[in-house]
Amino acid sequence: MTNSKKETTNISKVHIKTFGCQMNEYDSKKIIDILRTHKNAELTSKVEEADIIILNTCSIREKAQEKVFSDLGRIKEFKKNKPELIIGVGGCVASQEGSEILRRAPFVDIVFGPQTLHKVSEMLDSRIKYNKPQIDISFPEIEKFDAMPPSTVEGPTAFVSIMEGCSKYCSFCVVPYTRGTEISRPFEDVLIEVADLADNGVKEVTLLGQNVNAYRGQLNNTTNTADLAMLIEYIHEIPGIERIRYTTSHPREMTKRIYEAYTNLPKLVSFLHLPVQSGSDRILSSMKRGYSAIEYKSIIRNLRIARSGLKISSDFIVGFPGETEIDFQKTLSLIEEIEFDTSFSFIYSPRPGTPAANIKDTIQYDEKLNRLQRLQNLINTQAKNIANSMLGTVQKVLIEGKSKLNNNELMGRTENNRVVNFVSFNNKIGDIVNIEITKVNSNTLRGKIIN
(Lines give C-alpha, C1' and ligand atoms only; values in the text may rest on other atoms or scores of the structure.)
Protein backbone atom coordinates (compact mmCIF):
# COMPACT_ATOMS: atom_id res chain seq x y z
CA MET A 1 0.00 0.00 0.00
CA THR A 2 1.54 3.32 -1.06
CA ASN A 3 1.43 6.53 0.90
CA SER A 4 -0.39 8.35 -1.89
CA LYS A 5 -3.12 5.76 -1.87
CA LYS A 6 -3.65 6.17 1.87
CA GLU A 7 -3.80 9.95 1.51
CA THR A 8 -6.81 9.66 -0.80
CA THR A 9 -8.68 7.23 1.45
CA ASN A 10 -12.35 8.14 1.66
CA ILE A 11 -14.02 7.62 5.02
CA SER A 12 -17.74 7.89 4.37
CA LYS A 13 -19.20 4.83 6.09
CA VAL A 14 -18.31 3.46 9.51
CA HIS A 15 -19.23 0.08 10.97
CA ILE A 16 -18.78 -0.28 14.72
CA LYS A 17 -19.11 -3.41 16.84
CA THR A 18 -19.68 -2.76 20.53
CA PHE A 19 -18.79 -5.19 23.28
CA GLY A 20 -19.95 -4.99 26.89
CA CYS A 21 -21.78 -2.43 28.97
CA GLN A 22 -23.90 0.71 28.58
CA MET A 23 -20.78 2.84 28.96
CA ASN A 24 -19.37 1.20 25.84
CA GLU A 25 -22.65 1.81 24.03
CA TYR A 26 -22.35 5.47 24.98
CA ASP A 27 -18.72 5.57 23.83
CA SER A 28 -19.65 3.98 20.49
CA LYS A 29 -22.27 6.64 19.87
CA LYS A 30 -19.67 9.31 20.67
CA ILE A 31 -17.22 7.74 18.22
CA ILE A 32 -19.89 7.90 15.53
CA ASP A 33 -20.66 11.54 16.45
CA ILE A 34 -16.95 12.38 16.13
CA LEU A 35 -16.61 10.70 12.73
CA ARG A 36 -19.85 12.29 11.54
CA THR A 37 -18.64 15.73 12.64
CA HIS A 38 -15.05 15.55 11.39
CA LYS A 39 -15.26 13.07 8.49
CA ASN A 40 -18.87 13.43 7.39
CA ALA A 41 -19.15 9.68 7.93
CA GLU A 42 -22.37 7.77 8.46
CA LEU A 43 -23.05 4.56 10.33
CA THR A 44 -23.64 1.37 8.34
CA SER A 45 -24.79 -2.01 9.61
CA LYS A 46 -23.20 -3.72 6.60
CA VAL A 47 -19.58 -4.48 7.39
CA GLU A 48 -18.76 -5.17 3.74
CA GLU A 49 -19.58 -1.60 2.66
CA ALA A 50 -17.67 0.14 5.47
CA ASP A 51 -14.66 2.40 4.89
CA ILE A 52 -13.71 2.09 8.55
CA ILE A 53 -14.46 -0.77 10.96
CA ILE A 54 -14.05 -0.20 14.69
CA LEU A 55 -14.20 -2.77 17.46
CA ASN A 56 -15.13 -1.02 20.71
CA THR A 57 -14.03 -3.64 23.19
CA CYS A 58 -14.67 -4.72 26.78
CA SER A 59 -12.26 -6.73 28.93
CA ILE A 60 -14.54 -7.61 31.85
CA ARG A 61 -15.10 -11.23 30.82
CA GLU A 62 -12.73 -14.15 30.32
CA LYS A 63 -10.96 -14.47 26.98
CA ALA A 64 -12.14 -11.03 25.88
CA GLN A 65 -8.79 -10.43 24.23
CA GLU A 66 -8.97 -13.65 22.24
CA LYS A 67 -12.47 -12.83 21.06
CA VAL A 68 -11.19 -9.50 19.77
CA PHE A 69 -8.30 -11.14 17.91
CA SER A 70 -10.71 -13.71 16.50
CA ASP A 71 -12.93 -10.91 15.18
CA LEU A 72 -9.88 -9.15 13.76
CA GLY A 73 -8.99 -12.33 11.89
CA ARG A 74 -12.35 -12.23 10.14
CA ILE A 75 -12.12 -8.51 9.41
CA LYS A 76 -8.67 -9.04 7.90
CA GLU A 77 -10.35 -10.83 4.99
CA PHE A 78 -12.32 -7.68 4.16
CA LYS A 79 -9.08 -5.71 4.03
CA LYS A 80 -7.62 -8.16 1.52
CA ASN A 81 -10.41 -7.25 -0.86
CA LYS A 82 -10.42 -3.57 0.10
CA PRO A 83 -6.84 -2.50 0.94
CA GLU A 84 -7.87 1.08 1.78
CA LEU A 85 -10.17 -0.19 4.57
CA ILE A 86 -9.30 1.34 7.96
CA ILE A 87 -9.48 -0.95 11.01
CA GLY A 88 -9.56 0.42 14.55
CA VAL A 89 -9.61 -1.17 17.99
CA GLY A 90 -10.86 0.89 20.93
CA GLY A 91 -12.08 0.33 24.45
CA CYS A 92 -10.72 -1.59 27.42
CA VAL A 93 -8.98 -4.42 25.52
CA ALA A 94 -7.16 -1.76 23.52
CA SER A 95 -6.13 -0.05 26.76
CA GLN A 96 -5.00 -3.35 28.28
CA GLU A 97 -3.23 -4.84 25.27
CA GLY A 98 -1.83 -1.69 23.65
CA SER A 99 0.97 -2.36 21.17
CA GLU A 100 0.38 -6.11 21.49
CA ILE A 101 -2.62 -5.63 19.20
CA LEU A 102 -0.37 -4.20 16.48
CA ARG A 103 2.14 -7.00 16.99
CA ARG A 104 -0.46 -9.75 16.62
CA ALA A 105 -2.58 -7.93 14.05
CA PRO A 106 -0.27 -5.57 12.09
CA PHE A 107 -3.08 -4.77 9.65
CA VAL A 108 -4.83 -2.73 12.39
CA ASP A 109 -4.57 1.01 11.70
CA ILE A 110 -5.49 2.72 15.00
CA VAL A 111 -5.60 1.63 18.64
CA PHE A 112 -7.19 3.91 21.25
CA GLY A 113 -8.38 3.56 24.83
CA PRO A 114 -11.66 4.66 26.44
CA GLN A 115 -10.07 7.94 27.50
CA THR A 116 -8.71 8.81 24.05
CA LEU A 117 -11.66 8.04 21.81
CA HIS A 118 -12.04 11.80 21.23
CA LYS A 119 -8.77 11.62 19.26
CA VAL A 120 -10.11 9.14 16.69
CA SER A 121 -10.36 11.70 13.89
CA GLU A 122 -6.83 13.07 14.31
CA MET A 123 -5.46 9.53 14.65
CA LEU A 124 -7.05 8.69 11.30
CA ASP A 125 -5.44 11.78 9.80
CA SER A 126 -2.04 10.74 11.16
CA ARG A 127 -2.50 7.19 9.90
CA ILE A 128 -3.21 8.47 6.42
CA LYS A 129 -0.52 11.18 6.47
CA TYR A 130 2.34 9.04 7.75
CA ASN A 131 1.18 5.64 6.45
CA LYS A 132 1.89 4.24 9.90
CA PRO A 133 -0.40 2.65 12.54
CA GLN A 134 -1.34 4.98 15.39
CA ILE A 135 -1.76 4.10 19.06
CA ASP A 136 -2.88 6.25 22.01
CA ILE A 137 -4.01 4.57 25.22
CA SER A 138 -3.11 7.38 27.58
CA PHE A 139 -5.29 8.68 30.43
CA PRO A 140 -5.89 12.41 29.91
CA GLU A 141 -8.30 13.44 32.66
CA ILE A 142 -11.28 15.58 31.65
CA GLU A 143 -9.97 16.34 28.14
CA LYS A 144 -12.15 13.61 26.62
CA PHE A 145 -15.38 15.35 27.58
CA ASP A 146 -14.15 18.81 26.55
CA ALA A 147 -13.35 17.56 23.05
CA MET A 148 -16.64 15.77 22.39
CA PRO A 149 -19.04 17.05 19.71
CA PRO A 150 -22.72 17.54 20.68
CA SER A 151 -24.66 14.32 21.14
CA THR A 152 -26.83 13.12 18.28
CA VAL A 153 -30.37 12.64 19.56
CA GLU A 154 -31.98 9.39 18.46
CA GLY A 155 -35.32 9.06 20.19
CA PRO A 156 -36.66 10.13 23.59
CA THR A 157 -33.92 8.50 25.71
CA ALA A 158 -30.22 9.32 26.03
CA PHE A 159 -27.13 8.34 27.98
CA VAL A 160 -25.07 11.08 29.65
CA SER A 161 -21.62 10.17 30.92
CA ILE A 162 -20.95 12.11 34.13
CA MET A 163 -17.73 10.44 35.26
CA GLU A 164 -15.07 7.95 34.20
CA GLY A 165 -13.01 5.30 35.92
CA CYS A 166 -13.14 3.69 39.35
CA SER A 167 -10.99 4.00 42.47
CA LYS A 168 -12.42 1.04 44.41
CA TYR A 169 -9.89 -1.55 43.15
CA CYS A 170 -12.04 -4.63 43.74
CA SER A 171 -9.72 -7.62 43.55
CA PHE A 172 -11.43 -9.10 40.47
CA CYS A 173 -11.95 -5.94 38.43
CA VAL A 174 -9.80 -4.60 35.61
CA VAL A 175 -11.64 -1.25 35.22
CA PRO A 176 -9.21 0.93 37.26
CA TYR A 177 -6.38 -0.34 35.06
CA THR A 178 -8.17 0.15 31.72
CA ARG A 179 -10.25 3.28 32.38
CA GLY A 180 -8.25 4.91 35.16
CA THR A 181 -9.32 6.28 38.52
CA GLU A 182 -12.49 8.27 39.18
CA ILE A 183 -12.74 11.56 37.30
CA SER A 184 -15.99 13.55 37.41
CA ARG A 185 -17.23 16.03 34.82
CA PRO A 186 -17.89 19.58 36.01
CA PHE A 187 -21.41 20.05 37.34
CA GLU A 188 -22.41 22.79 34.88
CA ASP A 189 -21.12 20.83 31.87
CA VAL A 190 -23.45 17.96 32.67
CA LEU A 191 -26.44 20.28 33.17
CA ILE A 192 -25.78 22.02 29.84
CA GLU A 193 -25.65 18.67 28.01
CA VAL A 194 -28.89 17.48 29.63
CA ALA A 195 -30.63 20.79 28.86
CA ASP A 196 -29.54 20.52 25.20
CA LEU A 197 -30.89 16.96 25.04
CA ALA A 198 -34.19 18.12 26.54
CA ASP A 199 -34.43 20.91 23.95
CA ASN A 200 -34.08 18.21 21.27
CA GLY A 201 -36.92 16.06 22.58
CA VAL A 202 -35.21 13.74 25.06
CA LYS A 203 -37.54 12.81 27.94
CA GLU A 204 -35.36 10.29 29.82
CA VAL A 205 -31.67 10.52 30.68
CA THR A 206 -29.46 7.79 32.15
CA LEU A 207 -26.44 9.15 34.02
CA LEU A 208 -23.46 6.89 33.38
CA GLY A 209 -20.27 6.06 35.24
CA GLN A 210 -18.29 3.01 36.27
CA ASN A 211 -19.05 4.11 39.83
CA VAL A 212 -21.68 6.73 39.17
CA ASN A 213 -22.76 7.51 42.73
CA ALA A 214 -19.17 8.49 43.54
CA TYR A 215 -19.73 11.55 41.33
CA ARG A 216 -18.10 14.69 42.71
CA GLY A 217 -18.30 17.35 40.02
CA GLN A 218 -16.58 20.71 40.27
CA LEU A 219 -19.16 23.36 41.16
CA ASN A 220 -19.19 26.72 39.37
CA ASN A 221 -15.40 26.92 38.86
CA THR A 222 -14.80 26.72 42.61
CA THR A 223 -13.13 24.15 44.83
CA ASN A 224 -16.61 22.98 45.94
CA THR A 225 -18.16 19.85 44.48
CA ALA A 226 -21.65 18.55 43.77
CA ASP A 227 -22.60 14.97 44.58
CA LEU A 228 -24.92 12.72 42.58
CA ALA A 229 -27.95 13.70 44.65
CA MET A 230 -27.39 17.38 43.94
CA LEU A 231 -26.93 16.68 40.24
CA ILE A 232 -30.21 14.76 40.14
CA GLU A 233 -31.97 17.58 42.01
CA TYR A 234 -30.94 20.11 39.35
CA ILE A 235 -31.70 17.80 36.41
CA HIS A 236 -35.11 17.23 37.97
CA GLU A 237 -35.88 20.90 37.36
CA ILE A 238 -34.91 20.95 33.66
CA PRO A 239 -38.09 21.40 31.56
CA GLY A 240 -38.78 18.43 29.31
CA ILE A 241 -36.90 15.84 31.36
CA GLU A 242 -39.47 13.44 32.79
CA ARG A 243 -37.34 10.47 33.88
CA ILE A 244 -33.90 10.14 35.47
CA ARG A 245 -31.86 6.94 35.80
CA TYR A 246 -28.27 6.29 36.82
CA THR A 247 -25.93 3.31 36.52
CA THR A 248 -23.73 1.64 37.67
CA SER A 249 -23.67 2.33 41.41
CA HIS A 250 -21.53 0.99 44.22
CA PRO A 251 -23.02 0.15 47.65
CA ARG A 252 -20.18 1.99 49.41
CA GLU A 253 -21.30 5.25 47.81
CA MET A 254 -24.97 5.07 48.83
CA THR A 255 -25.67 8.07 51.05
CA LYS A 256 -28.49 9.61 53.06
CA ARG A 257 -28.75 12.30 50.36
CA ILE A 258 -29.48 9.66 47.72
CA TYR A 259 -32.16 8.14 49.96
CA GLU A 260 -33.70 11.61 50.26
CA ALA A 261 -33.66 11.97 46.47
CA TYR A 262 -35.91 8.91 46.20
CA THR A 263 -38.27 10.46 48.73
CA ASN A 264 -38.42 13.94 47.18
CA LEU A 265 -37.82 13.58 43.43
CA PRO A 266 -40.58 11.70 41.56
CA LYS A 267 -38.75 11.91 38.21
CA LEU A 268 -36.05 9.63 39.65
CA VAL A 269 -37.38 6.23 38.55
CA SER A 270 -38.36 3.49 41.00
CA PHE A 271 -35.66 1.18 39.72
CA LEU A 272 -32.00 0.81 40.70
CA HIS A 273 -29.15 -1.42 39.56
CA LEU A 274 -26.93 -1.98 42.61
CA PRO A 275 -24.30 -4.75 42.22
CA VAL A 276 -23.73 -6.94 45.27
CA GLN A 277 -21.62 -9.75 43.67
CA SER A 278 -21.99 -12.20 46.60
CA GLY A 279 -23.99 -12.81 49.76
CA SER A 280 -21.02 -14.22 51.68
CA ASP A 281 -19.03 -11.84 53.89
CA ARG A 282 -15.94 -14.00 53.45
CA ILE A 283 -16.13 -13.77 49.66
CA LEU A 284 -17.03 -10.06 49.75
CA SER A 285 -13.89 -9.47 51.83
CA SER A 286 -11.77 -11.45 49.36
CA MET A 287 -13.31 -9.40 46.56
CA LYS A 288 -12.41 -6.21 48.48
CA ARG A 289 -15.93 -4.87 48.07
CA GLY A 290 -15.85 -2.89 51.31
CA TYR A 291 -19.23 -3.90 52.76
CA SER A 292 -20.92 -6.91 54.34
CA ALA A 293 -24.10 -8.70 53.28
CA ILE A 294 -26.03 -7.20 56.17
CA GLU A 295 -24.81 -3.70 55.22
CA TYR A 296 -26.02 -4.27 51.67
CA LYS A 297 -29.42 -5.42 52.96
CA SER A 298 -29.57 -2.34 55.19
CA ILE A 299 -28.99 -0.13 52.15
CA ILE A 300 -31.85 -1.82 50.29
CA ARG A 301 -34.12 -1.44 53.32
CA ASN A 302 -33.35 2.30 53.53
CA LEU A 303 -33.97 2.73 49.80
CA ARG A 304 -37.33 0.99 50.01
CA ILE A 305 -38.31 3.08 53.01
CA ALA A 306 -37.49 6.16 50.94
CA ARG A 307 -39.37 4.85 47.89
CA SER A 308 -42.05 2.25 48.36
CA GLY A 309 -42.10 -0.30 45.55
CA LEU A 310 -38.52 0.36 44.44
CA LYS A 311 -37.30 -2.49 42.22
CA ILE A 312 -33.69 -3.64 42.45
CA SER A 313 -31.43 -5.43 39.96
CA SER A 314 -27.88 -6.55 40.64
CA ASP A 315 -24.70 -8.30 39.50
CA PHE A 316 -23.46 -11.64 40.81
CA ILE A 317 -20.14 -13.43 40.38
CA VAL A 318 -20.39 -17.19 40.84
CA GLY A 319 -17.41 -19.44 41.58
CA PHE A 320 -15.03 -16.79 42.90
CA PRO A 321 -11.81 -18.51 44.09
CA GLY A 322 -12.42 -20.08 47.48
CA GLU A 323 -16.22 -19.95 47.26
CA THR A 324 -17.72 -22.93 49.08
CA GLU A 325 -21.22 -24.34 48.84
CA ILE A 326 -21.96 -22.61 52.15
CA ASP A 327 -20.79 -19.27 50.68
CA PHE A 328 -22.99 -19.85 47.65
CA GLN A 329 -26.00 -20.71 49.82
CA LYS A 330 -25.56 -17.34 51.54
CA THR A 331 -25.82 -15.67 48.14
CA LEU A 332 -29.05 -17.56 47.40
CA SER A 333 -30.42 -16.55 50.82
CA LEU A 334 -29.68 -12.88 50.10
CA ILE A 335 -31.44 -13.16 46.73
CA GLU A 336 -34.48 -14.78 48.35
CA GLU A 337 -34.67 -12.04 50.98
CA ILE A 338 -34.28 -9.03 48.66
CA GLU A 339 -36.20 -10.29 45.60
CA PHE A 340 -34.35 -8.90 42.60
CA ASP A 341 -36.05 -7.73 39.43
CA THR A 342 -33.66 -9.25 36.87
CA SER A 343 -29.90 -9.40 37.32
CA PHE A 344 -26.65 -10.11 35.54
CA SER A 345 -24.74 -13.16 36.73
CA PHE A 346 -21.47 -14.63 35.53
CA ILE A 347 -18.97 -17.34 36.29
CA TYR A 348 -15.82 -15.75 37.69
CA SER A 349 -13.08 -15.24 35.12
CA PRO A 350 -9.60 -14.08 36.17
CA ARG A 351 -8.49 -10.81 34.59
CA PRO A 352 -4.76 -10.36 34.00
CA GLY A 353 -3.17 -7.85 36.35
CA THR A 354 -5.86 -8.04 39.05
CA PRO A 355 -5.08 -9.34 42.58
CA ALA A 356 -7.71 -12.10 42.33
CA ALA A 357 -5.91 -13.58 39.33
CA ASN A 358 -3.21 -14.75 41.77
CA ILE A 359 -5.67 -16.61 44.03
CA LYS A 360 -5.62 -20.36 43.49
CA ASP A 361 -8.88 -21.51 41.97
CA THR A 362 -9.85 -25.04 43.05
CA ILE A 363 -13.52 -25.02 42.04
CA GLN A 364 -14.34 -27.33 39.14
CA TYR A 365 -16.00 -25.70 36.16
CA ASP A 366 -18.96 -28.09 36.28
CA GLU A 367 -19.64 -26.97 39.85
CA LYS A 368 -19.41 -23.30 38.85
CA LEU A 369 -21.85 -23.91 36.00
CA ASN A 370 -24.23 -25.75 38.34
CA ARG A 371 -24.19 -22.84 40.80
CA LEU A 372 -24.76 -20.32 38.02
CA GLN A 373 -27.79 -22.22 36.76
CA ARG A 374 -29.25 -22.49 40.26
CA LEU A 375 -28.75 -18.75 40.85
CA GLN A 376 -30.23 -17.79 37.49
CA ASN A 377 -33.23 -20.04 38.01
CA LEU A 378 -33.95 -18.29 41.30
CA ILE A 379 -33.53 -14.82 39.78
CA ASN A 380 -35.72 -15.76 36.79
CA THR A 381 -38.43 -17.01 39.13
CA GLN A 382 -38.36 -13.75 41.07
CA ALA A 383 -38.42 -11.68 37.86
CA LYS A 384 -41.39 -13.69 36.61
CA ASN A 385 -43.22 -13.17 39.90
CA ILE A 386 -42.60 -9.41 39.68
CA ALA A 387 -43.87 -9.36 36.10
CA ASN A 388 -47.00 -11.29 37.11
CA SER A 389 -47.58 -8.84 39.97
CA MET A 390 -47.77 -6.07 37.36
CA LEU A 391 -50.76 -7.72 35.64
CA GLY A 392 -53.79 -5.47 36.01
CA THR A 393 -51.75 -2.51 37.27
CA VAL A 394 -51.46 0.81 35.49
CA GLN A 395 -47.88 1.70 34.53
CA LYS A 396 -46.41 4.92 33.21
CA VAL A 397 -44.76 4.00 29.92
CA LEU A 398 -42.40 6.13 27.83
CA ILE A 399 -43.06 5.40 24.15
CA GLU A 400 -39.73 4.65 22.48
CA GLY A 401 -40.72 3.44 19.02
CA LYS A 402 -42.60 0.88 16.99
CA SER A 403 -43.06 -2.60 18.37
CA LYS A 404 -40.54 -5.17 17.14
CA LEU A 405 -43.37 -7.72 17.13
CA ASN A 406 -45.85 -5.70 15.10
CA ASN A 407 -44.97 -2.63 13.05
CA ASN A 408 -48.51 -1.31 13.49
CA GLU A 409 -48.12 -1.14 17.26
CA LEU A 410 -45.97 0.90 19.62
CA MET A 411 -43.58 -0.12 22.38
CA GLY A 412 -42.30 1.59 25.47
CA ARG A 413 -40.73 0.88 28.84
CA THR A 414 -42.00 0.97 32.39
CA GLU A 415 -39.91 2.54 35.15
CA ASN A 416 -38.49 -0.91 35.94
CA ASN A 417 -37.39 -1.36 32.32
CA ARG A 418 -40.10 -3.80 31.22
CA VAL A 419 -40.97 -3.59 27.52
CA VAL A 420 -44.69 -3.08 26.89
CA ASN A 421 -46.32 -3.49 23.47
CA PHE A 422 -49.68 -1.83 22.82
CA VAL A 423 -52.03 -0.34 20.21
CA SER A 424 -52.36 3.43 19.94
CA PHE A 425 -53.62 5.71 17.19
CA ASN A 426 -53.28 9.04 19.00
CA ASN A 427 -49.85 8.88 20.62
CA LYS A 428 -46.34 9.40 19.33
CA ILE A 429 -42.76 8.53 20.23
CA GLY A 430 -41.73 10.47 23.32
CA ASP A 431 -45.15 10.52 24.95
CA ILE A 432 -45.53 9.16 28.47
CA VAL A 433 -48.82 7.29 28.72
CA ASN A 434 -50.76 5.28 31.29
CA ILE A 435 -50.91 1.63 30.27
CA GLU A 436 -52.92 -1.09 31.97
CA ILE A 437 -50.95 -4.34 31.82
CA THR A 438 -53.22 -7.00 30.31
CA LYS A 439 -50.81 -9.85 29.59
CA VAL A 440 -47.41 -11.10 30.73
CA ASN A 441 -45.29 -12.78 28.06
CA SER A 442 -41.92 -14.46 28.52
CA ASN A 443 -39.84 -11.34 27.78
CA THR A 444 -42.38 -8.53 27.33
CA LEU A 445 -45.66 -7.21 28.63
CA ARG A 446 -48.82 -6.32 26.75
CA GLY A 447 -51.12 -3.48 27.68
CA LYS A 448 -53.81 -1.03 26.68
CA ILE A 449 -53.95 2.76 26.88
CA ILE A 450 -55.84 4.21 29.84
CA ASN A 451 -57.11 7.72 29.07
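# Exercises on a predicted model

In strand β3, the residues I52, I54 and N56 point one way, I53, L55 and T57 point the other way, and all are buried. The model behind these exercises is predicted.

## Exercise 1: Strand β3

Find how many residues of β3 are buried, and which strands pair with β3.

**Solution.**
- Step 1. Strand β3 covers residues 52–57, and six of its six residues are buried.
- Step 2. Take strand β1, residues 13–18. Five bridges join β1 to β3, and the two run parallel. In this pairing, T18 stands opposite N56.
- Step 3. Take strand β4, residues 86–91. It pairs with β3 in the parallel sense over six bridges. Here I54 stands opposite G88.

## Exercise 2: Helix α3

Check the span of helix α3 against its number of residues. Then list its buried residues and what covers them.

**Solution.**
- Step 1. Helix α3 runs over residues 64–81, which is 18 residues.
- Step 2. At 1.5 Å a residue, the helix should span 26 Å.
- Step 3. The end C-alpha atoms are 27 Å apart, which agrees.
- Step 4. The buried residues are A64, Q65, V68, F69, D71, L72, I75 and K79.
- Step 5. Their cover includes β1, β3, β4, α4 (92–97) and α5 (99–104).

## Exercise 3: The nonpolar cores

Identify the residues with the most contacts inside the largest nonpolar core, then trace the contacts of L303.

**Solution.**
- Step 1. The largest nonpolar core has 61 residues. Those with the most contacts inside it are I162, L207, I235, Y246, Y296 and L303.
- Step 2. Set aside neighbours within four places in sequence. L303 is then in contact with M254, Y259, Y262, L272, L274 and L310.
- Step 3. A second, separate core has 21 residues, including L55, I75, V89 and L102.

## Exercise 4: Cysteines

Count the disulfides, using a sulfur cut-off of 2.5 Å. Then examine C92 and C170.

**Solution.**
- Step 1. The count comes to zero disulfides.
- Step 2. C92 is in no disulfide; its nearest cysteine sulfur, that of C58, is 5.8 Å away. C92 is buried, with a relative accessible area of 6%.
- Step 3. For C170, the closest cysteine sulfur is in C173, at 6.1 Å, too far for a bond. C170 also counts as buried, at 7% relative accessibility.

## Exercise 5: Residue S313

Decide whether S313 is buried or exposed. Then list what it touches.

**Solution.**
- Step 1. S313 is found in strand β15, residues 311–318.
- Step 2. Its relative accessibility is 3%, so S313 counts as buried.
- Step 3. Not counting residues up to four places away in sequence, S313 touches F271, L272, H273, L274, F340, D341, T342 and S343.

How values were computed: Residues are numbered from 1 along each chain as its sequence is written. This is a predicted model: local features need pLDDT of at least 70, side-chain atom pairs count only at pLDDT 80 or more; totals for chains, interfaces and linings use all residues. Side-chain values use heavy atoms; hydrogens and water are left out. A nonpolar core is a set of buried Ala, Val, Leu, Ile, Met, Phe, Trp, Tyr and Cys residues joined through side-chain atoms within 4.5 Å. Buried means under 20% relative accessible area, exposed over 50%, partly exposed in between (1.4 Å probe, protein chains only). Contact means heavy atoms within 4.5 Å. Helices (H or I, at least four residues) and strands (E, at least two) are DSSP runs, numbered from the N terminus. Two strands pair if DSSP finds at least two bridges between them. The expected span of a helix is 1.5 Å times one less than its number of residues.
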